[in-house]
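The following report concerns the structure shown below, and it begins with a single pairing of residues before turning to the wider arrangement.

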Amino acid sequence: MKRPSSRRALGLLFLPVIALATPSPSTHERMLANGLKIIVREDHRAPVVAAQLWYKVGSSHEPPGESGLSHALEHLLFQGSSKVCPGQAFEVMERLGARINAFTNHDSTTYEYLMPRHALGVALEIMADQMSTARLSPAAFRREIEVIKNERLQNVDDTPGTLLDEKMRSIAFTTSGYRTSTIGWLHDLQRMNALQLQRWYARWYAPNNATLVVVGDVTPGEVEALARRYFADLPGRTLPETKPPLELNEPGERRIMVQTRNEFPSLIMAFNVPSLVTAADPHTAHTLRLLNELLGVDSGSRIFRELKFHEELVTRAHSRYEAFNRGDALLKIVVDLDTQKNPSLDDLQVRLWQLLDELKRTPVSAQELERARTRMMARRVFALDSLENQAQKLGGLESAGLSWTLEEQEEAHLKAVTPLDIQHAAQTYFTRERLSVALASPGKIRHE
Amino acid sequence: MNKANPVLSRVLPALLASLSIPAAGSDLSSVNPLQSLSEVQHLAPTPTTRVIRGWKTLNGTKVLFVETHGLPLLDVAVSFAAGSRYDGEQPGLAAMALSLLNEGSEGKDVDTILTAFDSLGVKIGNGIDRDHGFFTLRSLSDEAVRTPALQLLSEVLSKPSFTSDAIRRVKSEIIDRQMREDVAFETWVSHRFAPPLYPRHPYAQPLYGTRESIGEITAEQLRGFHSKAYSAGNAIILLVGDLSREQAQNISVKISDALPKGPALPPTASARREDSVVGTLHIERPTTLIHLDFAQIAPPRNHPDYVALYVASMIFGGGFDSRLMKVLREQHGVTYSAEAQLKNWQARGPFHINLSTPPEYREAVIRRVKGMFEQLLKDGPTEQELQNIKLSLRGDMALNGASNADMLQALLVIARHDLPLSLTDYAEQAQQLTRERVKAALNAHFDADSWVVTSTGPSVPQQALPDLQVQGPSCRSRPLPSG
């Protein structure tokens with residue numbers, strides 16, 4: 001085959017293909033009388049099912065002084081309920097060939113199972129039992145809180161990148177619960193007790209605050225029958241009123257300087273921006289998604305090309321936009337400075353601002369925008385390979401207060417974004433008034 | 001063979017609680033039965049029916065392929081026996097050679113290549129370890145996308161540019177990585193234990209060399225390494241996706257034809273257990289927790305005892321239900337995660353235990369872990385433990401065929417170690433194991449007092465382990481009411 005010789009040739013060759021290729025899986029929605037929402041996506045490639053139960057509660061719901069409650073509750077949910085002995089859920093499910101996991105973030109708490117299809121009923125029965133009868137005993141709490149403190153020390157305090165991100169969020173969000181540490185500030189973990197967890201559980205763990213997502217070798221009828229059997233008798237409850245976390249549009253420039261245990265400098269620049277939930281026009285959020293992609297996602301992005309490949313100022317670089325938050329969001333740029341070229345933190349910020357200003361000054365070319373869009377659309381197809389990823393996408397949208405059906409409209413939304421939209425978004429959002437900078441410089445205590 | 005817990009690789013998302021502690025209060029001594037369990041526990045998972053096909057190209061490249069339909073995807077890996085153990089007298093040579101492939105090929109600079117992959121929406125990855133250098137590619141399977149993507153991949157692999165600028169850049173990049181690796185706290189398979197574990201083997205050399213060795217590497221050495229180690233005979237190609245067998249064969253031939261001609265590199269000698277310097281090495285670091293690595297050299301992946309040892313490693317430290325987690329996390333509450341893994345390095349990897357714990361428990365934890373392993377050698381696994389792992393591995397037989405990405409990883413292991421062409425072979429072998437067989441395998445290959453231990457973190461006065469075991473009667477499920 002003759003080698004395609006120019007960028008344009010490849011681009012033109014390619015464009016129609018993705019549109020043809022994007023499969024649209026069959027997805028169904030049900031609601032039980034008690035308010036439990038059920039989303040089922042059929043994927044019959046293998047006799048395997050992913051099931052995830054999403055609760056709409058996370059660290060952004062936690063009041064000051066009680067950080068880490070949602071995450072600690074997630075741990076304690078496995079310490080016994082009416083049909084499951086402490087820890088037994090793992091043994092039962094592993095013997096059935098399943099893998100269990102759970103995670104907590106700012107907006108939600110998720111319990112996830114990946115299993116041979118015949119084990120689905122057991123997973124749902126355990127989930128339903130834990131939703132309604134968790135013991136949350138003080139004795140189990142006393143042990144588990146020690147585990148959680150160790151988790152914090154290992155995954156945050158001894159992990160410089162995560163520690164810097166936690167500190168950045170604490171200044172970037174000036175008014176909302178998004179500033180709260182998800183795993184919990186150490187001083188809050190030290191004074192937490194089982195009673196707090198019992199109250200938190202009573203407040204948020206109800207069928208009408210949850211979404212059950214099942215993806216795999218099942219039919220909607222099968223899932224609905226099983227879900228009715230185990231969840232239908234659980235009563236819905238009056239839930240606390242929640243409001244999307246909102247931020248000041250232009251809080252003013254903020255800066256935090258951290259001496260981490262890291263021996264290498266790194267930097268985060270974060271801008272306060274709306275999410276898909278809070279943007280006045282959803283088009284703004286889709287524009288920010290593409291802007292983020294152009295700027296710092298993968299090796300084709302501007303930061304990567306310019307600062308890593310051309311100028312060798314950074315070794316790792318990426319940007320991230322939290323489009324699917326239930327409240328206002330950040331678009332952040334994270335870089336590790338190259339130890340050999342060793343630029344100063346000041347010089348690097350100047351250079352990053354030049355890149356951002358360039359996006360404000362000149363509209364991106366149609367080709368560059370198209371490449372970014374192509375990457376995003378290809379990733380959408382790639383994500384269909386994993387049952388867990390599919391379920392996470394659907395559950396994440398629902399937990400943010402959005403509809404899973406958005407997932408099916410993404411392509412059209414992304415296609416509507418123009419180079420002028422990108423320029424306008426850069427001008428609006430890449431401003432000093434929206435900026436937080438977190439700098440990590442090598443700590444005082446140096447090894448050797 | 002990846003039963004590694006996905007939890008442990010996530011960043012912040014939290015891990016679950018633990019297992020089988022006796023519950024507090026007599027009212028918890030029994031729980032109601034799970035209705036659904038009695039309905040399904042006699043059922044076996046349906047094993048995957050995916051078929052692995054294998055062939056060799058005329059140039060000597062081994063190829064494995066799994067045909068999948070339902071998604072328009074193609075996953076490709078091309079792996080070379082070109083890891084750091086082939087560095088010879090120039091530590092860092094293999095890592096530099098791999099990185100140079102990222103620097104553009106003849107006639108195309110790095111921008112052009114990135115733009116081309118980007119325009120196709122193709123995702124490219126690569127990596128280096130002690131045994132291999134490899135590239136992966138994920139693409140839509142449509143011919144108009146995959147054909148130019150694979151053409152580009154072939155060029156990247158076969159025609160790296162060895163310009164002085166590219167070499168200078170790669171040297172800088174590798175030295176940066178070497179420095180970071182040197183101080184990274186939570187490198188799970190840390191290179192810190194390698195020198196005492198492998199004092200007479202290339203595995204002891206740093207993956208990214210040293211500042212001095214990198215500085216001395218020449219263009220000629222890199223060219224020489226590439227033409228030998230990135231040859232068709234030294235390569236394996238793995239394909240998973242929406243292709244016919246004929247299409248897969250054509251693709252494999254095109255990639256193989258593009259590579260430099262040449263045979264597989266001769267295997268280097270395997271590491272020997274008796275060379276390891278047994279003992280504890282402490283490295284002072286200003287971290288909050290202390291990180292502990294325990295290692296001793298294990299047999300290779302294709303050894304007949306490997307599956308028995310794998311099962312033993314799962315029982316000892318393979319998840320929430322393992323002995324390490326039950327003791328260190330549930331009984332003492334002194335760790336968030338502790339795991340044991342059998343590493344399938346080509347020239348004999350380690351049996352490796354790693355965990356983080358508060359520094360005041362360093363000595364107590366080292367004693368406890370050693371004692372627990374001694375107990376396992378003495379008694380072997382319990383019947384219940386073995387039964388649980390067998391059931392869990394039957395689940396793997398179904399789960400292993402669930403995603404193309406997982407199958408690609410499985411093919412890499414099968415091809416690298418010349419294993420039977422089956423996604424379920426190891427799990428089937430495990431079903432035949434007995435307690436005696438596992439115990440005998442453990443005692444044939446490991447000793448209670450042969451650990452190479454490294455601890456990294458601050459030194460503080462030592463304390464005994466706290467006992468946080470929740471007191472009370474054991475919790476059991478009541479039987480289902482009859483009838």
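A:Ser266 has A:Asp336 of S10(A) as its bridge partner. This contact belongs to the antiparallel pairing of strand S8 (residues 266-273) and strand S10 (residues 329-337) of chain A, which extends over 8 bridges, where two strands count as paired if DSSP finds at least two bridges between them. Helices (H or I, at least four residues) and strands (E, at least two) are DSSP runs, numbered from the N terminus.

The model is predicted, so that local features need pLDDT of at least 70 and side-chain atom pairs count only at pLDDT 80 or more, while totals for chains, interfaces and linings use all residues. Residues are numbered from 1 along each chain as its sequence is written, and chains are lettered from A and ligands numbered from 1 in the order in which they are written.

**The sheet and its helices**

S8 and S10 lie within an open sheet of 5 strands in chain A, ordered S7-S11-S8-S10-S9 with mixed pairing. Its edge strands, each pairing on one side only, are strand S7 (254-260) and strand S9 (314-321) of chain A, and the twist averages 10° from one strand to the next.

| Helix of chain A | Strands touched | Angle with S9(A) |
|---|---|---|
| H10 (residues 282-296) | S8, S9 and S10 | about 175° |
| H11 (residues 302-310) | S9 and S10 | about 165° |

**Domains of chain A**

The domain assignment, automatic or from a database, divides chain A into domain 1 (26-231) and domain 2 (254-442). The contact between them takes 32 residues from domain 1 of chain A and 28 residues from domain 2 of chain A. On the domain 1 side, H6(A) gives the largest share, 9 residues.

**Chain contact and confidence**

Between the chains, 94 residues of chain B are in contact with 99 residues of chain A. The chain B side has 49 nonpolar, 27 polar and 18 charged residues, where Ala, Val, Leu, Ile, Met, Phe, Trp, Tyr, Cys and Pro count as nonpolar, Asp, Glu, Lys and Arg as charged, and the others, Gly among them, as polar.

The model scores ipTM 0.92 and pTM 0.93. The mean pLDDT (the predictor's confidence in each residue, from 0 to 100) of chain B is 89, with 91% of its residues at 70 or more, although pLDDT stays under 50 over residues 1-27 of chain B. Where pLDDT is low, the predicted coordinates should not be read in detail.

Methods
Contact = placed C-beta atoms within 7 Å. Axes fitted to C-alpha atoms, helices over the stretch in contact; angles between N-to-C directions.
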